[in-house]
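Biologist: I am new to reading structures. Could you walk me through a few features?

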Amino acid sequence: MKETRSRGLAALLAALALLAWVAALFFAQRAADFSAGVSIRWTGEGAGVSPAQLLQAERWAREDGRENPPAATLWQEKADRSVTDETGERAAAATHLECYGDAAEFYPETLLFGSYPSREDAAGCIIDEAVASGIWGSASVVGQRLKLDGRTYSVRGVFKGDSGLILTQGEGDSAQTYENLLLRLPDGGGETEARAWLSQNGFSGGEVLDLPFLSWCLGALSCLPALLLGLGLLLRVLRRGWKLKYSPVLLAQYIPIGIAFGALALWGMGFPWDLPDKVIPTRWSDFDFWSRLAGQVSASLRAVFTSALSARDIAIWPAFLACVLTTAAACALVILAAERVRVDSGGTLLAAGLGAMVATFLLAAAFSAVGGVELTRSVWVLPLIWLAADGALRVHERRLRPRTEERSECREALPEAVRETSLGGE
């Protein structure tokens, strides 16, 4: 009975660890959807960039022969707007997001019907299902017309959400400034390249937030459970080899097993890893590099959370915080599960492996209902590698035990002087 409870507790901890791990990946990917480019925000009356200025910058880029210029999207938020149908009889409260650029990249959400309006489509709009249901009682309203701030728009699409949002495109020749800009740079450029682009086009000021780098940090954080599991396995493999250091024959027999599981652990962790240039010091003697980098990241996050959050911010930052919390939970649960799961037979290995695969498939299916999650290689294979290695190491330990006992008996039978010279102090 006690053993059954112990196995049940181990299975429960492993299932919870897998759930928290997948949730951390989901929230990291959710934040990454909104982090396609560097965010620049201006404050103050009249500060920002207008669509006309953005078009001028694009013309300069073409004249200079740049093959892959940055993609820029301007945007601004207008809260507490009233949206009505064409007759004005039915209305819904909404937050108006006006952009000029790639609307799908600026506010990526799951489309229910239709599509996003293009940059040139100033007469089109896309709304969330809350606005659609509030006015027409249904989300299937593509082609309907609505009024906002005295203008009439055609509904091009409906996306998932209950916040009450309407997204429109601005006029291309407008001199009206937008206080927010999302800049997607080629080849994964970040804050440095964004500031150079702003200076080159005469756009002064602006608070730059390197969202792609923060998204990479969050993705790396969500991989911590995999690192804990993989490094724990590597440590077990190395410790077993270290115990055999005085037995050359046994060590030689063990080395292929250790190398195989060590290589599998590294492969399961996703090695080799791609690192952004921002985390690689230009000089290895620059010992203040990491403290400066941490200071820059903390200053950026502090600036975000001390300012008023827009509808787009509300879509990003809760996912960041949720990823941190679920990652911490996953790490704790992975450690607890790894301490309690014991693979002491082939039947246990088969049952545990099938259970891990089924649980992973079920979690992937469950998260598909809220937008889906792309499971990494680590989630699929690392638990299986750990289970196989645990079983193999326990079998190896059982086979070593008779030899160890036999050597102990021989040691006790020999005189002390002979024991020291013939057995090398074993």
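Modeller: We will take cysteines, then one arginine. Keep in mind that this is a predicted model.

Biologist: How many disulfides does the count come to?

Modeller: A disulfide needs two cysteine sulfur atoms within 2.5 Å. By that rule, the count here is zero. Take Cys-217: its nearest cysteine sulfur belongs to Cys-323, 11 Å away. Cys-223 is in no disulfide either. For Cys-223, the nearest cysteine sulfur is again that of Cys-323, at 9.2 Å.

Biologist: What is the relative accessible area of Cys-217, and what is that of Cys-223?

Modeller: Partly exposed covers the range between buried, under 20%, and exposed, over 50%. Cys-217 has a relative accessible area of 26%, so it is partly exposed. Cys-223 has 33%, so it is partly exposed too.

Biologist: Now the arginine. Where does Arg-81 lie?

Modeller: Look for strand S2, which spans residues 71–85. Arg-81 is part of that strand.

Biologist: Why does Arg-81 count as partly exposed?

Modeller: Because its relative accessibility is 27%.

Biologist: Which residues does Arg-81 touch?

Modeller: Set aside residues up to four places away in sequence. Arg-81 then touches Ala-92, Ala-93, Ala-94, His-96, Leu-148 and Asp-149.

Biologist: Which backbone oxygen lies 3.0 Å from a polar atom of the Arg-81 side chain?

Modeller: That of Ala-79. A polar contact has a cut-off of 3.5 Å.

How values were computed: Residues numbered from 1 in each chain as written. Predicted model: local features only at pLDDT ≥ 70, side-chain atom pairs only at ≥ 80, totals over all residues. Heavy atoms only, no water. Buried < 20%, exposed > 50% of the residue type's maximum accessible area, 1.4 Å probe, protein only. Helix = DSSP H or I, 4+ residues; strand = E, 2+ residues; numbered from the N terminus. Contact = heavy atoms within 4.5 Å. Polar contact = N/O pair within 3.5 Å; in protein donor to acceptor, adjacent residues only side chain to side chain.
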